[in-house]
Structure formats: C-alpha cells, structure tokens
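Hello,

Here is the structure I said I would pass on. My notes on it follow below.

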Amino acid sequence: MTTDTTTKDTTPGAPTPGTTVLDARGVTMRFGGLTAVNGVDLTVNSGEIVGLIGPNGAGKTTFFNCLTGLYTPTEGEVRYKDQVLPAKSFKVTAAGIARTFQNIRLFANMTVLENVLVGRHTRTKEGFWSAVLRGPGFHKAEATSRERAMELLEFVGLAEKAGHLARNLPYGEQRKLEIARALASEPGLLLLDEPTAGMNPQETRATEELVFAIRDQGIAVLVIEHDMRFIFNLCDRVAVLVQGEKLIEGDSTTVQGDERVIAAYLGEPLANDPGATEAAEVEAAEAHAQADTTTDTAAGKENDR
Ligand SMILES: Nc1ncnc2c1ncn2[C@@H]1O[C@H](COP(=O)(O)OP(=O)(O)O)[C@@H](O)[C@H]1O
Ligand SMILES: [Mg+2]
C-alpha cells in the first residue's frame, strides 16, 4: 500500500454534492496464491448509492474488508474524503466509514438499545476515567447518546423493541439493528454487505426505502446485494465484480444490458424490467437456434455410431 505524502487541508462537515467520498485505486488482495481482489478501482460520490454485484466468491466482501481496515490490501490505496485510510477498522470507523456484515454481528445478549449505544463509542468524547467516575460530563454524554440511539431506532423502525435482547429479534430486524448501530457512528459513507439476505419481499422493500432515506440524510452508500431488483431500483451506479476483477461499471440500464454481465452473472433477464422483453426475445431466438444445432449434432452422433 502506498502512503500519502501530500498534506491536504480538508474541512470537516457535510460534503458538497458530487464530491468524491470514497476513492479506491488498484485495490488488490491476495491470500497466498489466491488473488481474491485484483486491481479494483471504485469511487463513491456524495449523494450516491452505488451497488457492487457479482457471483459468490467474486471478492465483494474481501473488497469491503479492504475498505474498512479489516484487511490491508496487498496493493492499492483507499482514500476517504481525500485522506488515505488508516489500516485499523476502529480508525476507519472514526474517519467516517461504517458497515454492516454479511454474517450479522450483534451483541446477542445485549438489548437492542445497548447495541446501538456500542456503535456510538467512536463519537463520544467522554474518556475512560469519566466513565469510571461517572461525573456530570459522563451523565450528560450518556443522555445525549441514548437520545440519539433512540432516534436511530425510530428511524429504522425498532424503537418499540429497544429493551428486547438482540438475539430475540427476527432475522430481518437484526439486519435493521445492524444498520442502526452502523449509523450510530455518524458515518459519511455506509457499506452494506447483503442487507436483505434472509428477508421477505416486504422487508426487502422496506430496506430499499430505508437506504433511500439514509442517502437523503447526506450519507453515501455502497451496497453489496444479490437481489437484482433491489440493486437496480436503488443504485445510481453499479459495479460488477467477477473473479476479483471489475467487469463493468455503469448505471442500471447499462449494466443490465451488458452481455458479459448477463452471461457471467445474471443468467436470466429480470421479469417486468425495462429491456426484459427484448432480452427474452433474444434468448428465445438463441434457444431456438441452439435446439436446431443440438438436434443436428444429436442426429450426427446417431449416424456416427
Ligand atoms: N481470509 C481469507 N483467507 C483466504 N481466502 C479468503 C479469505 N477471505 C476470502 N477468501 C477467498 O476470497 C474469495 C472471495 O471471497 P469473498 O470476498 O467472500 O467473495 P464474495 O463476497 O464476493 O462472495 C473466495 O475465493 C474466498 O474463499
Ligand atoms: Mg460476500
């Protein structure tokens, strides 16, 4: 990983629309002989929702891990608001990137509210001694944190379950709680790894609305998801990873229409989708042509016996 030698004066606060929030350049991650992520460039601008799709094992989660300091990329550089990111996940969170995990990571035996409070620790100034001595500063900070945590639970629709143990929540609500906890660090960029996995269609639709609402609050979003309808409804831009490499990047229409994407990943056109009828017609024609060849070949084989 290259180091930043330039000193940039970045003013904290809300980013101006269209500025680059995340800038990943040539990110490569190798595990022994396996190159899980290979020279991936990706930017996310303020006000954007960007999708990252690709088959299982394509390197999507590994790429997220490189962005969040869980892994130090073998090669490449990741910048957040013009600063090279530190290679420690808590520092990355403090810098302004929050994430959720493909395999939910909650404190199962803590309450819903406590889980969100844990997410706030990078934003509270009260230090260790203040917490131990529990002086006025601590109580004030704690009250503010609780207020904000409840606000976030309200936002994701879990306020009524604040006192429940996390492990007693249904799966879909655990995913929402993870989002609330990520938001508690007051990020400028939120990374979501398969946020609708295991959700029913109504929950998925609600999550779509939630992601739009998060974007409307000025938080840029990068989301990995297998649900193509969710991705193409939601994202301003979509990047496709295949075997660790970025195959294509573009708006939903461009990506959906790309033959390589259809071949490598989508497999079948989406029902009720713009261009789906056309794609279905092409597929039918191809299938027809294929059937003719198959018959010919089969007949040929028959003759060969
Ligand atoms: N910590 C690791 N050590 C070794 N190989 C890994 C590790 N993490 C991921 N991989 C491998 O990297 C590839 C990409 O995995 P992953 O990023 O989880 O893909 P995706 O999220 O797109 O399904 C896979 O072949 C996986 O087995
Ligand atoms: Mg994954």
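Leucine 190 touches Ala98, Ala182, Ile214, Ile219 and Val221, leaving aside residues up to four places away in sequence. Please keep in mind that this is a predicted model. Leu190 also belongs to the largest nonpolar core, which has 65 residues. The members that touch the most others in that core are Leu153, Ala180, Leu189, Leu190, Val221 and Leu222.

Next, the strands. S1 covers residues 20-31 and runs antiparallel to S2, with eight bridges joining the two. Within this pair, arginine 30 stands opposite threonine 35 of S2. The hairpin of S1 and S2 has two residues between the strands, and glycine 32 there takes a positive phi near 60°. S1 also pairs with S4 (residues 75-80), again in the antiparallel sense, over five bridges. Here arginine 25 stands opposite glutamate 77 of S4.

Last, the ligand. Which residues surround ligand 1? They are Phe31, Leu34, Ala36, Gly54, Asn56, Gly57, Ala58, Gly59, Lys60, Thr61 and Thr62. By type, the shell around ligand 1 divides into four nonpolar residues, six polar and one charged. Strand S2 (34-45) and helix H1 (60-67) each supply at least two residues of this shell. H1 gives the most, with three residues.

Regards

Note on methods:
Residues numbered from 1 in each chain as written. Chains lettered and ligands numbered in written order. Predicted model: local features only at pLDDT ≥ 70, side-chain atom pairs only at ≥ 80, totals over all residues. Near = placed C-beta within 6 Å. Helix = DSSP H or I, 4+ residues; strand = E, 2+ residues; numbered from the N terminus. Nonpolar A, V, L, I, M, F, W, Y, C, P; charged D, E, K, R; others polar. Pairing = 2+ DSSP bridges. Core = buried A, V, L, I, M, F, W, Y, C linked by C-beta atoms within 7 Å. Buried ≥ 20, exposed ≤ 12 C-beta atoms within 10 Å, placed from the backbone. Contact = placed C-beta atoms within 7 Å.
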